[in-house]
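This report describes selected local features of a protein model. The sequence and the structure are shown first, and the description follows.

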Amino acid sequence: MLLKLPIIECTFIKRLNRFVGVIEVNGELKKALITNTGRLEEFMIRGRKAFCIPKQEGKTNFVLIGFLENEGKGAIIDTRTQAKAFERAIELGLIEWLKGCKIKKREVKVGNSRLDYLLDCNGEEVFVEMKSAVLREGDYAMYPDCPSLRGQKHIKELIRLRENGKRAMIVFIGALPGVRKFKSYTQGDPEIARLLREADKVGVEIHALGISLLPDGKVVLEKPSLEVEL
């Protein structure tokens with residue numbers, strides 16, 4: 001187990017905008033914060049069973065964490081939960097390709113961007129950007145589900161870092177139960193797919209891991225290393 005969340009079951013009603021959705025909790029309609037700016041069209045379906053966390057402040061009452069998927073497990077769309085799970089997996093030493101690493105800094109300014117992490121891996125600095133891969137195709141988790149200029153910019157920064165002799169890494173969080181592989185979704189953004197291939201050629205490390213949500217609120221590491229196809 002990576003995390004234990006105080007989730008409650010809810011029903012998705014509709015998405016008002018990128019950051020706010022309407023859910024039903026105990027027969028009442030409430031507003032929920034959506035942290036994932038992807039289209040998420042395969043999830044945002046009226047009547048779909050979901051998982052939420054109560055929220056005390058702001059204009060929304062809950063945070064929309066995920067959606068019920070197969071075998072009673074949940075897909076995690078909340079990017080904050082994904083990040084916390086990733087950080088916890090690093091702390092526990094559960095990811096082989098991050099053995100000996102610890103988080104040195106978050107939200108690291110690089111060029112005109114901010115990358116998610118600067119890690120210290122056995123004395124070596126590693127710049128890391130994390131991306132949410134919650135689009136499914138069979139046992140594949142995919143990214144992105146829509147054009148992402150921000151994603152393009154981040155990959156370009158990682159390429160520049162690597163070309164300047166720095167160690168750079170992009171990590172895709174396949175937050176879907178049962179996924180075993182990762183690939184870029186060309187129809188979502190063909191430029192992202194091209195940039196990932198370019199990044200791989202110059203030595204940017206590209207990894208993916210699989211996590212999911214259990215009905216009791218536990219976030220578990222399903223697969224610490226998904227096969228990556230570019």
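Which residue just after H3 takes a positive phi? Gly203 does, with a phi of about 105°. The model is a predicted one, in which local features need pLDDT of at least 70 and side-chain atom pairs count only at pLDDT 80 or more, while totals for chains, interfaces and linings use all residues. Residues are numbered from 1 along each chain as its sequence is written, and side-chain values use heavy atoms, with hydrogens and water left out.

**Helix H3**

Helices (H or I, at least four residues) and strands (E, at least two) are DSSP runs numbered from the N terminus. Helix H3 comprises residues 190-202. At the N-terminal end, Asp189 caps H3 through a side-chain oxygen that lies 3.0 Å from the backbone nitrogen of Glu191. A polar contact is here a pair of N or O atoms within 3.5 Å; within protein, one must be able to donate a hydrogen and the other to accept it, and residues adjacent in sequence count only if both atoms are side-chain atoms.

Burial is expressed as relative accessible area: buried means under 20%, exposed over 50%, and partly exposed in between (1.4 Å probe, protein chains only). In H3, Ile192, Ala193, Leu195, Leu196 and Ala199 are the buried residues. Viewed down the helix axis they fall within an arc of 165°, so they line one face of H3; the arc is that of the directions from the helix axis to the C-beta atoms. Pro190 and Lys201, on the other side of H3, are exposed.

The buried residues of H3 pack against H2 and against the strands E12 (140-143), E13 (167-174), E14 (181-184) and E15 (205-213). Ser184 is found in strand E14 and counts as buried at 11% relative accessibility. Apart from neighbours within four places in sequence, Ser184 is in contact (heavy atoms within 4.5 Å) with Tyr143, Ala193, Leu196 and Glu229.

**Salt bridges**

A salt bridge is a side-chain nitrogen of Lys or Arg within 4 Å of a carboxyl oxygen of Asp or Glu. A search of the whole structure finds 15 of them, including those in the table.

| Pair | Closest N and O atoms |
|---|---|
| Glu69 and Arg48 | 3.4 Å |
| Glu157 and Arg160 | 3.4 Å |
| Arg194 and Glu198 | 3.1 Å |

Glu69 lies in the loop between strand E6 (62-68) and strand E7 (74-76), and Arg48 in the loop between strand E4 (28-33) and strand E5 (49-54), so this pair ties together parts that are 21 residues apart in sequence. Glu69 is partly exposed, with a relative accessible area of 23%.

Glu157 and Arg160 both belong to helix H2 (residues 149-163) and are three residues apart, about one turn of the helix. Glu157 is buried at 5% relative accessibility, whereas Arg160 is partly exposed at 41%. Arg194 and Glu198 both lie in H3, four residues apart, again about one turn. Arg194 is partly exposed at 37%, as is Glu198 at 30%. Salt bridges that share partners also join Arg48, Glu69 and Arg136 into one network.

**Aromatic pairs**

Rings of Phe, Tyr and Trp (its six-membered ring) pair if their centres lie within 6.5 Å; planes under 30 degrees apart count as stacked, over 60 as edge-to-face and the rest as tilted. The count comes to five aromatic pairs. The rings of Phe43 and Phe67 have centres 5.4 Å apart and planes at 25°, so the pair is stacked. It links Phe43, in the loop between E4 and E5, with Phe67 in strand E6, 24 residues apart. Phe43 and Phe67 are buried. Tyr143 and Phe172 form a tilted pair, 5.5 Å centre to centre with 45° between the planes. Tyr143 lies in strand E12 and Phe172 in strand E13, 29 residues apart, and both are buried. Ring pairs link Phe12, Phe43 and Phe67 into a cluster.

**Backbone geometry**

Most residues other than glycine have a negative phi, and most peptide bonds are trans. A cis peptide bond, with omega about -10°, joins Tyr143 and Pro144. Leu40 has a positive phi near 55° and is buried at 1% relative accessibility. Asn122 also has a positive phi, of about 55°, but is exposed, with a relative accessible area of 65%.
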